[in-house]
Amino acid sequence: VPTGPIEAWHTPPFEPTVIDGMLYGRGAADMKGSLAAMVVACEQFIQKNPNPNGRIAFLITSDEEGPAHDGTVKVVEYLQKQQERVEWCIVGEPSSTETLGDVIKNGRRGSLHGTLTLHGQQGHIAYPHLAKNPIHLALPPLAELTAQCWDQGNEYFPPTTMQISNINSGTGATNVIPGDIEVVFNFRFSTAVTKEGLIERTEAILNRYDIDYTLNWSLSGYPFLTPKGDLVDAVSASVSDIMHLTPELSTSGGTSDGRFIARMGTQVVELGPCNATIHQVNEHVACQSLIDLTKIYKRVLERVF
């Protein structure tokens, strides 16, 4: 994650610094702090349990914030080829909102991107009958798409949403009707629908209009869900033991590398510190949160093993 303007940081972003009980630095909350807590928790657990009934591994990658073409994807492919089964996985994403452990993620929505280019005919704005304005043509189908109810969600997921993120058109001149308009949009979708169903419904709406268009699709990740069971119960109980609260199960927010690990049939839960300052200048995390997070991770290990 880029630092942003370094001069805006109170301390050097890549020199961990503790001020008034807060650890400052890029990644302190997202999610290097979680990794440190996991390592210490495992050290403590193995000291008391040198022969656990299973194996513990760390997966640390550097491209999770980017295109995610390597890293976790390649490791998952390798594990599948080796017919290795991963039973449980905790991702240290900063899942908490107000207090450590108040929210744990037991799933994530899928992310489907669409780039729609609607083709018109460029011309002089004073002679619209000799041109074909793609902006005007795009408005009715876009209005219908944004008004759609794609699903009702379910017990774990909110309804699927469709959001337009970019619209680009025009030549820069005020007296020219453009030839094309490009619209970039995204679906954050639940397990109540499929990628194929969203594509089919979108294209069916577009095809009802007299428009010439091209549409390219890109899938960032399928939705995944770990229902209540071994791992969710162990993590929830461990949070309750240490923090004396009952965590909320949530599937909100963006995507994580958990989406790749879940493909193996692995139970995946995300638990980490508060996310209030992630990706921001002066990112920080409470030192006590990391101490408590270490205790939670250790308690989870004790429960599952």
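Q: What counts as contact in this structure?
A: Contact means heavy atoms within 4.5 Å. The structure is a predicted model, in which local features need pLDDT of at least 70 and side-chain atom pairs count only at pLDDT 80 or more, while totals for chains, interfaces and linings use all residues. Residues are numbered from 1 along each chain as its sequence is written, and side-chain values use heavy atoms, with hydrogens and water left out.

Q: What makes serine 250 count as buried?
A: Buried means under 20% relative accessible area, exposed over 50%, and partly exposed in between (1.4 Å probe, protein chains only). Serine 250 has 9% relative accessibility, so it counts as buried. This residue is found in strand S13. Strands (E, at least two residues) and helices (H or I, at least four) are DSSP runs, numbered from the N terminus. Leaving aside neighbours within four places in sequence, serine 250 touches Val103, Ile104, Lys105, Asn106 and Gly107.

Q: Why does arginine 188 count as partly exposed?
A: The relative accessibility of arginine 188 is 24%, and therefore this residue counts as partly exposed. Arginine 188 is located in strand S10, residues 180-189. Apart from neighbours within four places in sequence, its contacts are Arg109, Gly110, Ser111, Thr160, Thr161, Gly253, Gly254 and Thr255.

Q: How far apart are arginine 188 and lysine 298, in sequence and in space?
A: They are 110 residues apart in sequence and 33 Å apart in space, C-alpha to C-alpha.

Q: Which class of accessibility does glutamine 83 belong to, buried or exposed?
A: Glutamine 83 counts as exposed, because its relative accessibility is 72%. It sits in the loop between helix H2 (72-81) and strand S3.

Q: Which class does asparagine 282 belong to, buried or exposed?
A: With 10% relative accessibility, asparagine 282 counts as buried. The loop that holds asparagine 282 lies between strands S14 and S15 (284-286). Asparagine 282 is not a glycine, although its phi is positive, about 60 degrees.

Q: What is the form of the peptide bond from aspartate 30 to methionine 31, cis or trans?
A: That bond is cis, with omega near -10 degrees. Methionine 31 is placed in the loop between strand S2 (22-24) and helix H1.

Q: How do you know that the length of helix H5 agrees with its number of residues?
A: The expected span is 1.5 Å times one less than the number of residues. For H5 (residues 230-243), which has 14 residues, this should be 20 Å, and the end C-alpha atoms are 20 Å apart, so the two agree. Just after H5, histidine 244 takes a positive phi of about 60 degrees.

Q: Which residues of H5 are buried, and what do they pack against?
A: The buried residues are Leu231, Val232, Ala234, Val235, Ser236, Ser238, Val239, Ile242 and Met243. They pack against strands S3 (88-91), S4 (103-105), S13 (248-250) and S14 (267-270), and against helix H7.

Q: Why are H5 and H7 called oblique to each other?
A: Axes are lines fitted to C-alpha atoms, for helices over the stretch in contact, and angles run from 0 to 180 degrees between N-to-C directions. Under 35 degrees is roughly parallel, over 145 roughly antiparallel, 65 to 115 roughly perpendicular, and the rest oblique. The axes of H5 and H7 cross at roughly 135 degrees and come within 8 Å. H5 and H7 are therefore oblique. In this contact, Leu231, Ala234, Val235, Ala237, Ser238, Val239, Asp241, Ile242 and Met243 of H5 meet Asp292, Lys295, Ile296, Arg299, Val300, Arg303 and Val304 of H7.

Q: What makes H1 and H7 oblique to each other?
A: The axes of H1 (residues 32-48) and H7 (residues 287-304) cross at roughly 50 degrees and come within 8 Å. H1 and H7 are therefore oblique. Their contact includes Phe45 of H1 and Tyr297 of H7.

Q: What is the hand of the crossing of H3 and H4?
A: H3 passes H4 in a right-handed crossing. A crossing is right-handed if the near helix is turned clockwise from the far one by less than a right angle, and left-handed if anticlockwise. H3 (residues 134-146) and H4 (residues 195-207) pack at about 145 degrees, with axes 9 Å apart. Pro141, Glu144 and Leu145 of H3 make the contact with Thr202, Ile205 and Leu206 of H4.
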